[in-house]
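Q: Hey, I'm new to this one. Could you walk me through it?

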Amino acid sequence: MIRVVLPAHLRTLARVQDDVELEIQGVVTQRTVLDALEARFPMLRGTIRDHLTQQRRPFLRFFACEEDLSHESPDRPLPEAVARGEEPLLIIGAIAGG
Amino acid sequence: MSGVRLLVGTRKGAFVLTSDGKRDRWEINGPHFAGWEIYHMKGSPADPSRLYASQTSGWFGQLIQRSQDGGKSWEPVDNKFVYDGVAGTHQWYDGTAHPWEFKRVWHLEPSLTDPDTVLAGVEDAALFRTTDGGKSWQELSGLRGHGSGSRWQPGAGGMCLHSIIVDQSNPERIFIAISAAGAFRTDDAGKSWKPINKGLYSKYIPDPTAEVGHCVHHIAMNPARPGVLFMQKHWDVMRSDNAGDSWEKISGNLPTDFGFVIDVHAHEPETIYVVPIKSDSEHFPLDGKLRVYRSRQGGNEWEELSKGLPERDCYVNVLRDAMAVDSLDKCGVYFGTTGGQIYASADAGDTWKAVARDLPGVLSVEVQTLS
């Protein structure tokens, strides 16, 4: 199972308390994880990536295994530890505002 | 027993305020969608339990929420707003061409007769409609496509379609307003549109009497007088007696005619309300004294209403969708401030009372009169 950590506002929106666990068939990439996430929680569509372009929203970033994966290709395989479920994919909202 | 329900959108969530017909004691429920900007909430005239809310965030984009129980519980519906065809360009602040980009929904206008049909005014300016209760949204692209879209320009708050008025006597006729393009009207339910800005004079644009380019802040209409429109422009309070074909200035004796809100008494079509703001560079009341102005003559002659409002040291703003009237007798008038206060008058503006003092900055206020 793949583990995904959502920002607090998206946990509230998806009505989950904790990490989300997803079953992914095939290669584990940003795209396949987000596809599975949005299939299970349709209310998250458009909140992490744009509906049409599928681009990551500017104030969100993706981290895993202490690496910033935000600018990686969405089709590049995620780290093995994420694919094995040992480490989560972190979706982080920018700390902005002040 | 009659009552009223105020739907308050703020910078950090939504609040629902309820009272009985006396409108003296209020119960505040919320925040709903805590931490999110709620640009607008509105109830269906056909089913007052059906509410819609525009929920937005710089991080997570746009959501639309729907309630079927008067705001006690909510469910997200579709949030996919895609411009019809090639979106094209409009003018940017510096006059260069800028691609049309969806940012947020400013105003939701449920149908007068069908709870599942709602119009949505968005930034960058366009009009969308759902006919399935928010499960899907389609653009009424005749508005952007009517020819002048490439000359529209954003106001300081963005290029927003913020006002939508459906003519109760003729639902094919809809009025909308865009900052900073102006007002527009359709007479065929949104297929075709015409700019209705004749008589507006905006000295800060290259052609002060241009067909489009005026920074209209809000428009209002009494449903019983569908041909008569009132407008708070950037500067100038305006009136049209011919459904927007031409406008005349009715600022009269107002101490300043800059402002954002304007509304019409529910039972007296010639009684209108504005909240004068000092200027476009100082968005707060003159002399730190918050005052509503009322005209009972349809404009030009205005009286100051300040009983119960702050007399000094008040430096808040009242944004364009943050005033509403109920239809009780006497007419209730409500407005919210950027300082988080909600002021209510149960006597058509003669006296005011703060019914909430410390909410987040208020973006919008709507009222439902419940029987």
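A: Here is a quick chat about the two chains, starting with some ground rules.
A: This is a predicted model, where local features need pLDDT of at least 70 and side-chain atom pairs count only at pLDDT 80 or more, while totals for chains, interfaces and linings use all residues. Residues are numbered from 1 along each chain as its sequence is written, with chains lettered from A and ligands numbered from 1 in the order in which they are written.

Q: What share of chain B is buried?
A: Buried residues are 53% of the 371 in chain B. Buried here means 20 or more other C-beta atoms, placed from the backbone, within 10 Å of the residue's own.

Q: Which residues touch the most other members in the largest nonpolar core?
A: B:Val8, B:Tyr334, B:Ile342 and B:Val365 do, in a core of 108 residues. Strand E15 (residues 174-179) of chain B gives the most to this core, with five residues. A nonpolar core is a set of buried Ala, Val, Leu, Ile, Met, Phe, Trp, Tyr and Cys residues joined through C-beta atoms within 7 Å.

Q: What about B:Tyr334, what is it in contact with?
A: Leaving aside neighbours within four places in sequence, the contacts of B:Tyr334 include B:Leu6, B:Met323 and B:Val367. Contact means C-beta atoms, placed from the backbone, within 7 Å.

Q: New topic: which strands form the open sheet?
A: The order is E3-E2-E1-E30 in chain B, with antiparallel pairing. Strands E3 (27-32) and E30 (362-370) of chain B stand at the edges with a single partner strand each, so one side of each has no neighbour in the sheet. Strands pair if DSSP finds at least two bridges between them.

Q: How many bridges join E1 and E2?
A: Eight bridges, between residues 3-10 and residues 13-20 of chain B.

Q: Last one: how many residues does each chain put into the contact?
A: Chain A gives 13 residues and chain B eleven. Helix H1 (residues 8-14) of chain A supplies the largest share of chain A's side, three residues.

Note on methods. A residue is buried if 20 or more other C-beta atoms lie within 10 Å of its own, exposed if 12 or fewer, and partly exposed in between; C-beta atoms are placed from the backbone. Helices (H or I, at least four residues) and strands (E, at least two) are DSSP runs, numbered from the N terminus. Two residues are in contact if their C-beta atoms, placed from the backbone, lie within 7 Å.
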